[in-house]
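Have a look at it, and then we'll go through it piece by piece.

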Amino acid sequence: MAKFLGFGIKIYYLAFVTNIYKDTDENILKAAQILNNGGLVGMPTETVYGLAGDATNPEAVARIFATKKRPNFNPLISHVTGYEMASQYGVFSKSAQKIALKLWPHAISFVVPRTKDCGVCDLACAGLESIAIRAPKHEVAQRLIREFGKPIAAPSANISGSISPTSAEDVRIELQDNIKMIIDGGACNIGLESTVIAVFEDEITLLRKGFFSKEDIEEIIGHKIQMADKNDDNKPRSPGMMLRHYSPNAKIRIADECDEDEIFLSFGAVPFEVKGRVFSLSQTGDYLEAASNLYGMMRKADHLKPKNIVIAPMENKGLKNKGLLGALNDRIMRAAGLK
Ligand code: TXA
Ligand code: MG
């Protein structure tokens, strides 16, 4: 009886202390108050969930770095509602403005020079002269930023080096009770981090691949843009892209066959040579569906402690949202330690 009682209390306790909250106006207000007091909240966006804090408050930003165990030299993205708010913090050249007005709010971040009296703290920008800014499209993120009224610093809400969370539950698993409030905005419909471009005057460099491809940006501005170059110190780079990233504990291999003690993440039809358990990233060959499933399925597979996670090669197999192939391959290569 005592054992049963104890069990009951534990279930009640777990149900009671969950830090996941519905996206009601009351909870958005509560989240904005937490941010105002220097605290952190889990914020949904259409790419991945962010660990949000007041970008103008160095203590809050230090708390983000500590909670994520993130190296301090890796700067954060400041989230705003749109172009008008962004231009208070970053200097947008004509080209930057053109791209932002065309694509925002959405899954793209801009690295631009900081404005003179940019209130975003040095720690959020890792002491650089530039700042990364994004206006997310997700309705809950928009409401939270509007309510808060200041830029929100938000890296992906995972421990540094592990997989970015794409649901409120994944944030809770990653950060446990190190975070008081996670607002549930449903599953992220893109599932990979935003595209990052650096724009200094006319010079545009793609720092991180994402939902918007190099070609999408070239089409808007009508000329070619550069790719970040690891070996060229004169080109802007994204410090975050040099770190080991997006990794589960299990080893990842990329192949079209799989043994019994491995888990296979398939794309399109499952090849005959696959013997292990299968999770389907997309049966219909849709790269966007695969992107939105990738991190969650890597997490689920990792949890089952397989010998390896095997991911199907994706080139030339996709039928829909082909612009996302580059970003998907980038994340898979990183998870596999090949980049
Ligand atoms: O989709 C996303 O972008 C998510 C959601 C939450 O918005 N956020 C995200 O943040 O992925 P984070 O901190 O994990 O990645 C930010 C990237 C890092 O690679 C960082 O190095 C780069 O942006 N970055 C930030 N500021 C920069 C700067 N001033 N110059 C160059 N790269 C910068
Ligand atoms: Mg991240």
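Strand 6 is the top contributor to the shell around ligand 1, giving three residues (strands, E, of at least two residues, and helices, H or I, of at least four, are DSSP runs numbered from the N terminus). Two or more residues each come from strand 4 (77–79), strand 6 (130–134) and strand 10 (203–208). This is a predicted model, where local features need pLDDT of at least 70, side-chain atom pairs need 80 or more, and totals for chains, interfaces and linings use all residues. Side-chain values use heavy atoms, without hydrogens and water, residues are numbered from 1 along each chain as its sequence is written, and chains are lettered from A and ligands numbered from 1 in the order written.

Around ligand 1 there are 25 residues, and Thr 47, Asn 74, His 79, Arg 134 and Ser 194 come nearest (near means a heavy atom within 4 Å). Thr 47 has a polar side-chain atom 2.7 Å from an oxygen of the ligand. Asn 74 also puts a side-chain N or O atom 2.7 Å from a ligand oxygen, and for Arg 208 that distance is 2.8 Å.

The largest nonpolar core has 63 residues, with Phe 92, Ile 99, Trp 104 and Phe 110 making the most contacts inside it. Such a core joins buried Ala, Val, Leu, Ile, Met, Phe, Trp, Tyr and Cys residues through side-chain atoms within 4.5 Å, buried being under 20% relative accessible area with a 1.4 Å probe, protein chains only. Helix 6 (residues 139–148) supplies its largest share, five residues. Apart from this core lies another, of 34 residues, including Val 48 and Leu 325.

Key:
Buried < 20%, exposed > 50% of the residue type's maximum accessible area, 1.4 Å probe, protein only. Polar contact = N/O pair within 3.5 Å; in protein donor to acceptor, adjacent residues only side chain to side chain.
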